[in-house]
Amino acid sequence: MKLRAAAVLTALAVTAGGALVAPTAETPPPTAANESTGAPAQAVGGTTPFGDIAAQPKVRTVTADPQVDAASPITDAALGAVVESVEDGTTLPADLSSKVTLDGELIRVEVAFADEEAARDAVRAAGGQDVAPITDDLFAASVPATGIAELEDSNAVESVVLPSFAVPEPAQIPVAATVGTKGGDVYDKTQIAQWHSLGLSGAGVSVGIIDYFRSSSWKNARAVGEVPATAGTYCRWGGESCSVVNTPASDDSGAHGVAVAEAIHDMAPGATLYLVSVATNEDLRKAIDYLASKKVKIISRSLGGYYDGPGDGTGTSAKLVSYAVSKGIAWFNSAGNAGAYLEPQSDGSKVWAGGYWRGKWRDTNKNGWMEFAHPVRNFDGSLVKDGSGNTMYQYYESLTIVCADYYRLRWSDWGVSDPTDYDIYRIASNGAVTGRYNVAQKKGVAPLEMRNGSRAHLACTTGSLIEVGIRKARNGSSSSGDVLELAGNSADIGYAAVSAGSAGNAFVDSKSKGMAAVGAVDPVAGTTIAGYSSRGPTNDGRINPKLSAGSNFTSQAYTFEGAGGRFNGTSAATPVVAGIAAVALERFDTKSPAQLVEYLRTSQTSDRGAAGADNTYGAGELIMKPLAIASFTDTPPPTITGSRTVGVTLIASARWTPVVRAASYQWFRGDTAIPGATRKSYTLTSADEGQRIRVEVTGSRPAFTPETVSSGLTGTITKPFVTAPAPTITGTLKVGRTLGASLGTWSPTPTTLTYQWYANGKAIAGATQRTHVVTAANVGTRLAVKVTAAAAGYTTTSRTSASTAIIVRPFTKAPTPRISGTAQVGKKLTAVTGTWSPKPSTLAYQWKADGKTIKGATKSTYVIASSLAGKRITVTVTAKKAGYTTGLKTSAKTATVKKR
């Protein structure tokens with residue numbers, strides 16, 4: 001745990017700064033029902049302890065207000081700091097440099113909107129580019145630093161902020177191994193072996209793991225067979241391509257993803273794995289598209305998330321979950337390790353801590369600072385009660401936390417026209433106030449603080465104990481009834497932490513029925529929820545987590561890393577569920593994501609704690625039940641395709657419900673099995689001549705009874721004609737002319753021949769003779785003829801000719817042109833075409849002298865050149881029209897051309 005010593009608030013420790021009081025109706029503090037008295041087997045987040053609360057001077061009243069910087073034209077102060085650095089050409093603030101994507105003066109930002117087209121126009125007007133959709137009300141864009149303020153001021157835009165970079169959770173601390181070898185303990189606990197024994201392994205199911213990975217851990221796990229080869233990887237970090245085993249999170253948290261892959265492989269050894277590492281919402285959206293393109297059906301994500309919505313399933317992360325589910329992917333996410341619990345200390349005391357605080361705004365002395373309710377506890381951690389049995393509380397204007405980068409503050413002013421503006425600061429023991437990058441809340445700006453990390457904001461050293469306070473900077477519409485929430489990581493918040501509501505964080509607050517948040521039963525051999533496991537309800541009152549699974553089990557990754565050899569937290573429970581989901585999906589492969597989640601919740605959990613689903617275990621702990629062997633519901637006889645002719649290959653097809661996973665074949669001549677004919681296809685031999693063929697197909701599938709079904713018998717197998725040439729068409733392709741079919745030489749000679757003529761591939765009614773008279777109905781089509789030959793003992797065979805050219809008809813009226821004009825050098829001659837019928841689409845001309853073409857003389861008129869003196873002139877007219885023969889007519893000769 002992060003607690004240094006016993007935390008004791010005695011009933012006598014009353015100081016001037018805060019009275020020891022029972023809860024009031026106005027500001028109900030956390031109740032005993034929110035507490036977990038069971039200690040986890042391992043502190044998930046680390047080991048830095050809180051001190052004795054009596055030895056940690058609490059700030060009962062903040063004595064100084066923070067210094068307020070001059071107003072920035074940009075609402076989000078972190079983005080404002082980046083804009084200022086880019087415009088001034090100075091170095092980015094150290095705590096933001098790794099979380100900003102720059103391309104020259106272009107800054108990658110997230111833009112919230114109500115009207116996407118209008119927002120895109122606003123981005124273009126601000127000089128922005130490269131817009132990438134994230135959800136239905138958010139996209140990413142690259143915008144010049146000089147255009148950020150203009151973009152934010154646009155009525156089409158609700159907010160402009162820096163993308164929230166994922167911050168990896170802390171590395172796991174060493175713990176003593178107890179039972180099991182490399183996941184064997186959780187394997188036994190889930191009883192998945194009984195499904196494996198039926199041949200179910202997750203085969204054919206692809207799982208995407210969104211996490212962090214380290215190359216050395218992965219290679220070691222592969223070498224000892226704890227993880228399979230991957231089917232693919234995808235990595236983007238702030239929009240940049242990367243390697244999944246070499247991201248900024250790989251060094252600190254790279255064993256985490258490897259341990260997740262181990263757990264999935266233990267549960268579903270036949271499943272295909274894809275590894276994904278991403279940092280921003282934009283990266284995640286593209287990763288989902290990648291996984292969908294690979295036909296991934298399950299996502300396992302053992303990571304938390306910063307607040308990005310009201311906790312009711314309407315935030316950006318929840319929408320991304322729904323996007324994945326809409327693509328047919330079931331999503332399993334760790335519920336979080338923010339539950340509050342008592343942790344035994346070396347001196348025998350117990351200290352209360354967690355990763356989540358929640359409370360209504362309280363400011364009885366009207367100085368603008370939140371008053372936090374701290375339950376009073378005895379040395380053993382038990383609550384101090386007054387004479388009426390009510391829990392006693394001490395109120396302070398500060399909260400003791402461990403310095404980390406995971407905190408996010410939100411409050412309940414979502415969607416209001418004038419939200420209250422709360423800020424969080426570090427409070428020194430002398431009452432001094434520090435902290436920066438606060439967001440000025442206004443309409444359209446989310447009621448959130450510390451979007452870009454909290455450690456630098458609070459100006460503290462990671463792992464150190466500090467005091468923080470929440471100040472109301474501006475009242476807005478009203479702060480009455482405002483509920484504030486501060487989320488950190490496991491055991492980061494001392495004394496005032498609560499469990500109820502801690503499973504309302506990003507991602508896990510999703511409303512999608514195809515997503516399940518997973519709680520942790522720890523230790524794996526027990527049946528009690530881990531103290532650290534986050535609890536519901538969500539802020540809209542839904543039960544969370546959806547279900548729980550065993551945690552704190554053996555792991556090769558953490559053995560190799562020298563981290564105690566065990567994997568715990570809800571991070572460990574989640575891949576157990578995801579792997580089992582892959583096995584269940586192999587058996588029930590038509591289930592949608594929602595149906596798969598519901599099946600696991602309602603059919604494969606053991607109820608824990610209070611009867612029925614609750615906000616501690618969800619539907620219960622995932623313990624697999626025996627699976628009944630099923631029968632195929634529909635087994636129609638297989639079909640055989642292919643001609644019944646010696647030398648032809650027959651192919652068997654069986655379409656059963658559900659689909660068979662393996663099939664064996666046996667071909668028969670009548671009732672006699674053909675030796676060696678045990679494949680899907682069979683080529684007919686001379687031994688089959690005169691016989692009738694059938695095939696038996698035996699279909700099998702894990703957890704199903706194999707069934708054998710026979711096809712019907714084919715017709716009698718015959719020999720092919722030795723030669724069977726395609727016919728050719730003879731005759732003139734004109735209306736009224738007779739065409740004939742030339743057969744060629746068939747061997748043996750057919751005993752019967754039948755004919756069918758076709759126009760553009762369609763049979764011509766009644767055209768069943770060897771000859772065919774071209775009719776007007778054939779004009780505009782291509783003709784072909786099929787000849788069918790039959791002979792005793794031979795396969796009736798058809799051959800079709802090549803198609804003719806398009807059939808056309810002649811013009812009904814094609815007059816000979818005449819020439820008007822004087823046959824003299826320099827005079828103009830005119831071609832008089834007369835009236836063609838029907839009217840041609842085009843008429844072309846060519847003038848000639850003594851029968852030789854006059855170059856360039858292709859118009860209806862021609863001026864006689866001097867070189868043609870003594871010659872006689874003609875003109876040829878060419879008429880064209882679709883469906884008609886091209887018509888050519890040449891005029892009579894002129895008189896001999898005279899000189900001028």
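Modeller: The model is predicted. The largest nonpolar core has 64 residues, and among these Trp195, Ile298, Phe332 and Leu600 touch the most other members. Helix α12, which covers residues 570–587, gives the most to this core, contributing eleven residues. If we take Ile298 and leave aside its neighbours within four places in sequence, the residues in contact with Ile298 include Val205, Val207, Ile329, Phe332, Ala578, Ala581, Ala582 and Leu596, and also Ser206 and Gly208. In soluble globular proteins, nonpolar side chains tend to be buried together.

Turning to the strands, four of them form an open sheet in the order β35-β34-β37-β38, paired in the antiparallel sense. Because β35 (672–673) and β38 (707–710) stand at the edges with a single partner strand each, one side of each is left without a neighbour in the sheet. Within that sheet, β34 (residues 662–669) and β37 (residues 693–700) are joined antiparallel over eight bridges, and Phe668 is found opposite Arg694 of β37.

Elsewhere, β41 (residues 752–759) pairs antiparallel with β44 (residues 783–790) over eight bridges, with Ala759 opposite Leu783, while two bridges connect β41 to the antiparallel strand β42 (residues 762–763). Tyr758 has Ala763 of β42 as its bridge partner, and in the hairpin of β41 and β42, with two residues between the strands, Asn760 adopts a positive phi near 55°.

Methods:
Residues numbered from 1 in each chain as written. Predicted model: local features only at pLDDT ≥ 70, side-chain atom pairs only at ≥ 80, totals over all residues. Heavy atoms only, no water. Pairing = 2+ DSSP bridges. Helix = DSSP H or I, 4+ residues; strand = E, 2+ residues; numbered from the N terminus. Core = buried A, V, L, I, M, F, W, Y, C linked by side-chain atoms within 4.5 Å. Buried < 20%, exposed > 50% of the residue type's maximum accessible area, 1.4 Å probe, protein only. Contact = heavy atoms within 4.5 Å.
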